[in-house]
Each structure stands twice: as structure tokens, then as C-alpha cells.
Amino acid sequence: MSHLQPEMITSRVGYFPGSVNVGVVLGESGAILVDSGLDAQTAKKIKKGLDAMAQPLVAIVQTHAHADHFGGNAYLLGCWPDALVYAPPLEEAIIRCPLLEPIYLGMGAQPLPELRNKFLLAEASRVDRILPTEGKVEIDGVSFTILSLPGHSWQQVGLVCDDICFAADSYFGEETLEKHKLPFLIDAHETILSLVKLVETNYTGYLPGHGPYTTAVEPILTRNIHGHRRLMDMIESILAEERTLEQGLALLCERLQLSLENMTGYVLYRTAFMGYLVGLLREERIRYRFAANQLLWSKIE
Ligand SMILES: [Zn+2]
């Protein structure tokens, strides 16, 4: 395939389907993208798709700063140097300084060479405008409603245009959920609050970052909420005995039949596990203490 063809949902709102969906909204003078995909290879296909539609790129709106959502920026901004990049606070810092992603995943230490791969380390991009995390923003004559959807990352936002909701990674499609088993998040409690917030909306359609477009979102949102609740219950039961984070993670992997075999998988699952611990702490279901120079986690009886 020489270029990606966008799937249009309304006359001006659509998306380039892929392992990471890239939203497209036609503005007054060109196209606005919601995220940009993993890398230059994806971005080249998007460029050809926009060229085929005779739409220059006027803006990229980022939902959050994971490498697979902004890795296409560098190539696209090289083609269209006047396009503006919008990103939420904090997320924007990581987009400008992408080494921060392997840094935080690696517990703040100098990232190991194995962590410097394109899934964790995208090419840097400028950010021109900071998005508010709630409210409205107008870009190239198009009005977007911004939804604060934290939990999967610190300041993730969703965007609504013409009643179509770009939901970012607030929820995952069925296939992605099954594949990952332990979905990436930084705070399970906030992730669930964001999902509940989406359940209470009633937009015409919803597009997640990973998964199919749908007009009936409630079943998959419920499935995501149950999945997070089930993992929280499982971790809580593992902590019926005091465990270190590493012990807890190993036991959870065993129960989920997940195997940790490389550094990338390990740091992503370890961070997600910590995100579930944070969620359980916030719900006052677990506690921690220090003993024999170890940080020990346990269930509150
Ligand atoms: Zn993400």
C-alpha cells in the first residue's frame, strides 16, 4: 500500500487506522492530526494520504506523550514546518525531551541501552501550544472539546469534534486488552475514574488509540473497568502476605501467564504494577512499610 487512506466518520472527521490510530480533522486551511503514530515509516504513509487528499498539515494535537503517539512528528514537521503542535502540560515536556520516557521507566537512572528503542524513545518534537486539560480549544476554525483522562499517563486528554470522541489510551480494544494482560498505566484509580467519566458521556462515536472505532462504547468501557478491578483484586490477594514489588510482580506474572524476558517488557510491566499499587493505596486497600532494608507491601485486613 503506497499510502494510508483515512476512514472518514463525518464529512470532516476521520482517522488513519493502524496499530496506533491517528485521528484526522479537516480544518479551514488543512488537516489537523490527533497524534502521529509510531515512527517516520507510518508518518510517510500519512503524508501520502494527506497529499492524495490535497490537505496540507496545519496542526498535530497530542493526547499524551507515549512514543507510539508522537513518533511521527519529526518526519511530518520536516514536511510541513509551519504546522503547530499542541500538547497537554507535562506531556509536552516529554515530547520535547523524549529521553524522559526511558528515564522514568528505568526508575530515573541513566537509561540502559536496551531501553533506547523506538517503542520507548521517539524522535524529539517541538511543542508550540500547551493544551488546557479541560475546556475548549479552536484550531484552524474547528472547535475541539478537551476531556481530561489521566491514569494511563499523567495528563492524557481526549478530544471531541463533531460529537466524535478521540479517546486516546483511556480504554483499549478487546484484542489489545487480551494481548497486554497487564495494561500500561501510572495510576489504576485515576484510570478507572477516567473510564467512569467516559461511561457518562454520550457521543456519536469513539475511537481509542488502539482498537476499533465504535458507536456503542459502553460494553468495551465496562470490560476495561472490570479488567482493572480484577487486576486490583488479584494484586491485593497476592499481598495477603508481605511482598516486595519484585516479588509481587513475579507472582502476578505467574498468575497471568505472562513472561518477562526483555528489558522493555520488564520496565513497562513494572511501572504498570506500581500504577496498580498506587491505585490500591489511594483506595486504602494496601499499605507499605520498611523492614530489613526492604520496602514491603501488604493488604490491609
Ligand atoms: Zn499510551
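In the predicted model, seven strands form an open sheet in the order 1-2-3-4-5-6-7, and their pairing is mixed. Strand 1 (7-8) and strand 7 (129-130) are the edge strands, each of which pairs on one side only. Strand 1 is joined by two bridges to strand 2 (residues 13-16), and the two run antiparallel. Within this pairing, M8 lies opposite G14 of strand 2.

Strand 2 is in turn antiparallel to strand 3, with four bridges between them. G14 is placed opposite V24 of strand 3, and five residues separate the two strands in a hairpin. A further hairpin, through four residues, connects strand 3 to strand 4. Strand 3 and strand 4 (residues 31-34) are likewise linked by four bridges in antiparallel orientation, with V25 facing I32 of strand 4.

Strand 3 (residues 22-26) is largely enclosed by the rest of the structure, because five of its five residues are buried. In a regular strand, side chains alternate between the two faces of the sheet. In strand 3, V22, V24 and L26 point one way, whereas G23 and V25 point the other way, and all are buried.

The segment before strand 1 contains L4. This residue counts as buried because it has 22 C-beta neighbours inside 10 Å, the cut-off being 20 or more. When neighbours within four places in sequence are left aside, the contacts of L4 are F16, K45, I46 and G49. The C-alpha atoms of L4 and G18 are 9.1 Å apart in space, although 14 residues apart in sequence.

The domain assignment of the chain comprises domain 1 (7-169) and domain 2 (239-299). A distance of 31 Å separates the C-alpha centres of domain 1 and domain 2. Contacts between them involve eight residues of domain 1 and five residues of domain 2. On the side of domain 1 that touches domain 2, five residues are nonpolar, two are polar and one is charged.

Helix 8 (residues 218-238) consists of 21 residues, which should span 30 Å at 1.5 Å a residue; the end C-alpha atoms are 30 Å apart, in agreement with that expectation. Its buried residues are I220, L221, N224, H228, L231, M232, I235 and I238. These cover an arc of only 130° around the axis and therefore lie on the same side of helix 8. An α-helix has 3.6 residues a turn, so residues three or four places apart point the same way. The face turned away from the buried side of helix 8 carries the exposed residues E218, P219, H226, R229, R230, D233 and S237. The packing partners of the buried residues of helix 8 are helix 6 (174-180), helix 7 (188-199), helix 9 (245-256) and helix 10 (263-282).

Helix 10 has 20 residues, and the distance from its first C-alpha to its last is 28 Å, close to the 28 Å expected at 1.5 Å a residue. The buried residues of helix 10 are V267, Y269, A272, F273, G275, Y276, L277, G279 and L280. They pack against helix 5 (100-105), helix 7, helix 8 and helix 9, as well as strand 13 (286-291) and strand 14 (294-299). E284, which follows helix 10, has a positive phi near 55°.

Definitions and conventions
Residues are numbered from 1 along each chain as its sequence is written. This is a predicted model: local features need pLDDT of at least 70, side-chain atom pairs count only at pLDDT 80 or more; totals for chains, interfaces and linings use all residues. Two strands pair if DSSP finds at least two bridges between them. The expected span of a helix is 1.5 Å times one less than its number of residues. A residue is buried if 20 or more other C-beta atoms lie within 10 Å of its own, exposed if 12 or fewer, and partly exposed in between; C-beta atoms are placed from the backbone. The arc is that of the directions from the helix axis to the C-beta atoms. Two residues are in contact if their C-beta atoms, placed from the backbone, lie within 7 Å. Domain bounds come from an automatic or database domain assignment. Ala, Val, Leu, Ile, Met, Phe, Trp, Tyr, Cys and Pro count as nonpolar, Asp, Glu, Lys and Arg as charged, and the others, Gly among them, as polar.
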